[in-house]
Amino acid sequence: MSDAAADAAGQGTRVAFVTIGQAPRDDIVPEIVGMVGRPLTNAEFGALDGLDAAAIAAAAPAADEESLYTRLASGEHVVVAAGFVEQRTAELLERLDREGFDLIVLITTGLFGHFATRTPLINGQRVVDAWLEALVVEDGRVGVVYPLKRQIAERHYLHSHGATIRNPRAAVLAGESGRLEEAARQLGDCELILMHSVGYTEDEAQRIVALTGKPVVTARRVIAGALRLQLAQISELRELAPAELVDRLPAGGEPLTQREREVITLVLDGLPNKLVARELGISHRTVEIHRARAMSKLGAASPAELIRRILLSARP
């Protein structure tokens, strides 16, 4: 595979980290990247980027609205309405989806809406849900640590995992209460403790382990695991021959003709249209036609997007 194709298949992977607050999140992203243990090029974006204090204050939740607890670029923590953040997050993801990132990582929990992207998306809430569902037995006692007391009533895991978690517990660590000892006391009889906000650090998790003797998992560690899997898939794609990449494209729609397949195979190997024409013994214009038709059938605008479509078929 040529250098250009290797780059498209995962070398120098470009990852967009998205927070529901303001970027950068130097309290979260470096720890997640450190857990991953693979090279990547990352950029950070926030749903509240560009908003002044008055606009953020106006987004505070009403008594009957679900809330989110997040950090601003200044380091200040704020409570904002989940619906407001979800709308701004959807708009931000729509923009990033057009900017050629290999992966987008939504580093938050508490957003339960569906975000549709062409770029592979790691949705923090969804991967935490999937992890919990896969791990917890029916009669397991699970402790969940939230940043705000009001979130226990708003989004208790009993609501979404009632058939899985028979005896849920909940505690508050930040916001109204910041005492690790109190959280540990409340959750000491649980079999597993999930620190539900990505704001919780591995150091805090280890302190609760020491206090309870129980396994404790942070949301950021679960997200890092999903990211590690996606990066491993990109590395695997880098080792494949172009013809094998074409074989891995998701089925659907009108199949490629033999000539279209030949053209796309050479395009994925990094050849420009002029060299594809020379390789196949056809005109430059004919290559353009076959390439355009193939891309249309595959629903992609570029070779890099074809690689992302392969990843989408195996997203966590």
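In this predicted model, the bridge partner of Ala 16 in strand 5 is Ile 104. That pair belongs to the 4 bridges that join strand 1 (residues 14-19) to strand 5 (residues 103-106), two strands that run parallel. The chain holds 15 helices and 10 strands, and buried residues make up 49% of its 316 residues. Of the contacts in the chain with a separation of 6 or more, 67% are between residues 24 or more positions apart.

- An open sheet is formed by 4 strands in the order 2-1-5-6, with parallel pairing.
- Strand 2 (41-46) and strand 6 (121-123) are the edge strands, and each of them pairs on one side only.
- From one strand to the next, the twist averages 20°.
- Strands of a sheet pair through backbone hydrogen bonds, in either a parallel or an antiparallel arrangement.

**Antiparallel hairpin**

- Strand 3 (residues 67-71) and strand 4 (residues 77-81) run antiparallel and are joined by 5 bridges.
- Within this pairing, Tyr 69 has Val 79 of strand 4 as its bridge partner.
- The hairpin of strand 3 and strand 4 has 5 residues between the strands, and Gly 75 in this hairpin takes a positive phi near 100°.
- Most residues other than glycine have a negative phi.

**Loop between strand 1 and helix 2**

- Pro 24 lies in the loop between strand 1 and helix 2.
- The peptide bond that joins Ala 23 and Pro 24 is cis, with omega at about 5°.
- In general, most peptide bonds are trans.
- Asp 26 is placed in the loop between strand 1 and helix 2 (29-36).

**Salt bridges**

- Over the whole structure, a search finds 11 salt bridges.
- One of them brings together the side chains of Arg 71 and Asp 26, with an N to O distance of 3.0 Å.
- This pair links distant parts of the chain, since Arg 71 is in strand 3 and Asp 26 is in the loop between strand 1 and helix 2, 45 residues apart.
- Arg 259 forms a salt bridge with Glu 262, and the closest N and O atoms are 2.8 Å apart.
- Arg 259 and Glu 262 are separated by about one helical turn because they are 3 residues apart in helix 12 (residues 258-268).
- Arg 259 is partly exposed, with a relative accessible area of 29%, and Glu 262 is also partly exposed, with a relative accessible area of 26%.
- Arg 285 forms a salt bridge with Glu 288, where the closest N and O atoms are 3.3 Å apart.
- Arg 285 and Glu 288 are likewise separated by about one helical turn, because they are 3 residues apart in helix 14 (residues 284-298).
- An α-helix has 3.6 residues a turn, so residues three or four places apart point the same way.
- Arg 285 is exposed, with a relative accessible area of 55%, while Glu 288 counts as partly exposed at 29% relative accessibility.
- Salt bridges that share partners join Arg 25, Asp 26, Asp 27 and Arg 71 into one network.

**Helix 12 and its end**

- The buried residues in helix 12 are Glu 260, Val 263, Ile 264, Thr 265, Leu 266, Val 267 and Leu 268.
- Gly 270 follows helix 12 and has a positive phi, near 90°.

**Packing of helix 13 and helix 14**

- Two packed helices are described by the angle between their axes and the distance between the axes.
- The axes of helix 13 (residues 273-280) and helix 14 come within 8 Å and cross at roughly 105°.
- Helix 13 and helix 14 are therefore roughly perpendicular to each other, as angles of 65 to 115 degrees count as roughly perpendicular.
- At the contact, Asn 273, Lys 274, Val 276 and Ala 277 in helix 13 meet His 284, Val 287, Glu 288 and Arg 291 in helix 14.
- The residues of this contact of helix 13 with helix 14 divide into 3 nonpolar, 2 polar and 3 charged.

Terms used. Residues numbered from 1 in each chain as written. Predicted model: local features only at pLDDT ≥ 70, side-chain atom pairs only at ≥ 80, totals over all residues. Heavy atoms only, no water. Pairing = 2+ DSSP bridges. Axes fitted to C-alpha atoms, helices over the stretch in contact; angles between N-to-C directions. Salt bridge = Lys/Arg side-chain N within 4 Å of Asp/Glu carboxyl O. Buried < 20%, exposed > 50% of the residue type's maximum accessible area, 1.4 Å probe, protein only. Parallel < 35°, antiparallel > 145°, perpendicular 65-115°, else oblique. Contact = heavy atoms within 4.5 Å. Nonpolar A, V, L, I, M, F, W, Y, C, P; charged D, E, K, R; others polar.
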